[in-house]
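Subject: Structure handover

Hello,

Here is the structure for you to look through. My notes on what was found follow below it.

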Amino acid sequence: MNYLSLENVSKMYGEKVLFDKVTLQINKGQKVALVAKNGSGKSTLLRIAAGTASSEGPQSRVLVHRDVRVGFLDQDPDFYPHHTALEAILDSDSPMILAIKRYEKALLHSEQEAELQSAAAGMDVHQAWDVEARVKELLHRFRITDFDQPVRFLSGGQKKRLALVRLIINDPEFVILDEPTNHLDLDMIEWLEEYLSQPNLTILMVTHDRYFLERVCDTIVELDRGQLFRYSGNYTAFLEKKAIRMENEEIEADKNKKLFKKELDWVNRMPQARTTKAKSRVGAFYELQDKVSGITTEKEMQIDIKGQRMGSKVLELHYISKKYGDKVLVDNFGYKFKPHERVGIVGPNGVGKTTFLKMLTQEIRPDAGKVVVGGNTAFGYYTQDGIQLAEDKRVIDVIQDIAEYIPLEKGMKLTAAQLLERFLFSRKQQQVYVSQLSGGEKRRLYLLSILMKNPNFLILDEPTNDLDILTLNVLEDFLLEFPGCVVIVTHDRFFMDKLADHLFVFEGNGQIRDFNGDYTEYREIQKERERETRRHERSEQQKAKEEQKAQVSKPGLSFEQRKELNKLEKEIQKLEEKKATVSDQFNSTDLTPDRIRELSIELNQLSAQIEEKELRWMELAELG
């Protein structure tokens with residue numbers, strides 16, 4: 001079944017053509033990701049597909065199957081400002097959602113017993129009890145705990161998470177998502193990855209999360225130079241197939257250039273009076289000229305800025321502590337940074353990661369202990385709050401205000417204009433005002449403004465938001481070669497795995513653990529601990545149940561329930577063994593991308609089955 005058809009869709013702003021007569025088909029069950037450079041029109045194309053923006057051109061058509069439930073997550077979600085968080089979630093005309101709203105309202109006026117009983121009966125009729133519990137569970141999962149807080153007081157990140165909860169609770173069959181992982185912590189992202197992996201869910205999304213592209217998506221569509229290029233398979237397949245396409249384009253471009261030169265020689269030799277045949281050849285020449293002039297070589301962002309020399313003493317934390325009121329953020333943490341370290345910082349939102357970073361730069365002083373900064377250490381601090389570029393300045397002026405030129409390796413220098421070109425800002429775009437840049441372009445400009453100050457200790461707080469994959473790849477390569485220290489806070493698991501040598505894990509209550517490994521290794525160990533905890537809980541509950549059996553003559557479980565409990569224990573054990581077998585297969589060195597995807601789907605399904613059966617086992621164990 002076809003869910004979405006885009007036919008001859010075009011969009012332009014002034015003279016800038018974002019895309020021209022593009023066509024896209026998405027069928028039931030497909031999981032499609034749209035990738036492109038910043039400013040190429042990805043978000044615009046999603047809004048056209050979702051029906052919140054219009055296409056241009058008389059032949060343009062956007063068709064969405066009328067019987068399909070569609071959910072759209074915009075980059076900047078819109079809510080009624082006077083709604084509470086819970087009211088915003090329940091802003092729907094669905095009879096089930098209306099029953100929940102009526103019940104919630106009745107609870108606030110519990111003295112009206114008749115109304116409360118009537119509202120509860122409505123919940124029964126529409127089978128809405130589970131949905132209400134589901135709403136609150138999701139709000140807690142996405143760290144929204146004050147259900148009565150007005151939406152107007154929520155941060156941009158909280159609104160994005162609220163919009164995600166609203167989308168999930170409406171149970172769409174086809175979801176259109178614009179950067180769904182922005183403002184989510186790593187636990188939330190992993191949960192969302194499992195949710196989106198459901199086989200019955202159809203997806204069109206823009207994301208730079210390469211683990212999503214690898215593990216969730218079966219099709220990647222690239223928007224390049226105003227046209228769509230479709231690649232079947234995950235991120236690995238996309239990289240392989242794009243490399244082949246680029247190679248073929250280079251061969252074709254080389255042929256056209258040679259033919260153009262040959263035709264140019266012929267045109268220059270021809271006399272003014274031409275035959276019909278000659279005129280036809282001249283027409284073909286001009287068509288070829290247009291074709292050759294449209295050939296552009298894809299540029300990569302280049303970063304080869306020289307870092308300042310770093311001394312033997314870099315940065316020392318002498319058992320620092322920090323708390324606000326009763327909340328302890330850092331408790332007696334000591335560490336000495338060494339030259340060229342790459343440290344990742346992980347932990348849920350609100351545990352003190354940003355406060356910790358500000359203590360490193362001495363923007364915030366610790367309550368106890370001290371921070372000692374080396375004499376040659378120069379910080380470059382990239383932070384979400386720091387993106388305060390002057391909107392009324394041109395791009396070139398922003399950089400020239402910092403420095404006219406910057407030193408490179410091997411004694412070379414680079415002017416501000418040349419440096420901007422390496423950051424993919426053409427000479428024409430350098431004259432554009434900051435207010436006209438896309439979100440990703442502003443972040444790229446802000447990153448350049450940090451590097452222009454020539455630091456040797458980089459602190460990057462969520463640097464990957466809104467950056468395209470090409471920029472991320474080049475930034476990663478630069479950071480791997482960067483001669484100084486790097487400390488990273490990011491929700492991008494791929495970025496973290498590629499760069500971090502070890503992790504500072506914020507475990508809450510001020511406790512910070514130094515983990516010697518990357519993020520994937522940390523999560524595997526953490527998940528095994530969680531599984532071990534659940535096994536221990538089952539074992540303890542089983543012991544308690546057996547003790548209760550010995551003391552109480554009347555059994556708490558019926559014969560059928562006891563039979564189900566025993567069956568569940570055997571099924572859980574078999575599923576755990578099967579999951580371990582599937583996990584071991586990932587160690588094979590000759591896995592194809594298709595086989596990796598099959599194993600990933602099977603692993604997710606097994607995890608879901610285990611979790612479902614464990615929950616039922618615990619319900620029965622409590623009865624026993």
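Buried means under 20% relative accessible area, exposed means over 50%, and partly exposed lies in between (1.4 Å probe, protein chains only). Leucine 475 is buried by that rule, with a relative accessible area of 1%.

This is a predicted model, so local features need pLDDT of at least 70 and side-chain atom pairs count only at pLDDT 80 or more, while totals for chains, interfaces and linings use all residues. Residues are numbered from 1 along each chain as its sequence is written, and side-chain values use heavy atoms, with hydrogens and water left out.

**Confidence**

pLDDT is the predictor's confidence in each residue, from 0 to 100. The chain averages 83. A score of at least 70 is reached by 88% of the residues. Helices (H or I, at least four residues) and strands (E, at least two) are DSSP runs, numbered from the N terminus. Confidence is lowest in helix H10 (residues 276-293), with a mean of 54. Confidence is highest in strand S13 (residues 368-373), at 95. Where pLDDT is low, the predicted coordinates should not be read in detail.

**Leucine 475**

This residue lies in helix H15 (residues 469-481). Leucine 447 is 28 residues from leucine 475 in sequence. In space, the two are 9.8 Å apart, C-alpha to C-alpha.

**Cysteines**

How many disulfides does the structure hold? The count is zero. A disulfide here is a pair of cysteine sulfur atoms within 2.5 Å. Cysteine 217 is buried, at a relative accessible area of 0%. Cysteine 485 is also buried, at 1%.

**Salt bridges**

A salt bridge is a side-chain nitrogen of Lys or Arg within 4 Å of a carboxyl oxygen of Asp or Glu. The count comes to 37 salt bridges.

- Arginine 47 and aspartate 74 form a salt bridge, at 3.9 Å from N to O. Arginine 47 sits in helix H1 (residues 42-50), and aspartate 74 in the loop between strand S5 (70-73) and helix H2 (85-89), so the pair ties together parts that are 27 residues apart in sequence. Arginine 47 is partly exposed, at 25% relative accessibility.
- Arginine 531 and glutamate 528 form a salt bridge, with the closest N and O atoms 2.8 Å apart. Both belong to helix H17 (residues 519-551), where they are three residues apart, about one helical turn. Arginine 531 is buried, at 14%, whereas glutamate 528 is partly exposed, at 34%.
- Glutamate 571 and lysine 567 meet in a salt bridge at 4.0 Å, N to O. They are four residues apart in helix H18 (residues 559-585), about one turn of the helix. Glutamate 571 is partly exposed, at 23%. Lysine 567 is exposed, at 52%.
- Salt bridges link Arg210, Glu476, Asp477, Asp492 and Lys498 in a network.

**Helix H1**

H1 is mostly covered, with seven of its nine residues buried. These are Lys42, Ser43, Thr44, Leu45, Leu46, Ile48 and Ala49. Glycine 51 follows H1 and has a positive phi, near 85 degrees.

**Helix H4**

H4 (residues 113-125) has 13 residues. From its first C-alpha to its last, H4 reaches 18 Å, close to the 18 Å expected at 1.5 Å a residue. The expected span is 1.5 Å times one less than the number of residues.

Which residues of H4 are buried? They are Ala119, Gly122 and Met123. Seen down the axis of H4, they fall within an arc of 105 degrees, so they line one face of the helix. That arc is taken from the directions from the helix axis to the C-beta atoms. The buried residues of H4 pack against helix H3 (95-108) and helix H5 (129-141), where contact means heavy atoms within 4.5 Å. The face turned away from the buried side carries the exposed residues Glu113, Ala114, Gln117 and Val125. Glutamine 127 follows H4, and its phi is positive, near 50 degrees.

**Helix H18**

H18 has 27 residues. Its reach is 40 Å from first C-alpha to last, close to the 39 Å expected at 1.5 Å a residue. Its buried residues are Leu565, Leu568, Ile572, Leu575, Glu576, Lys579 and Val582.

Best wishes
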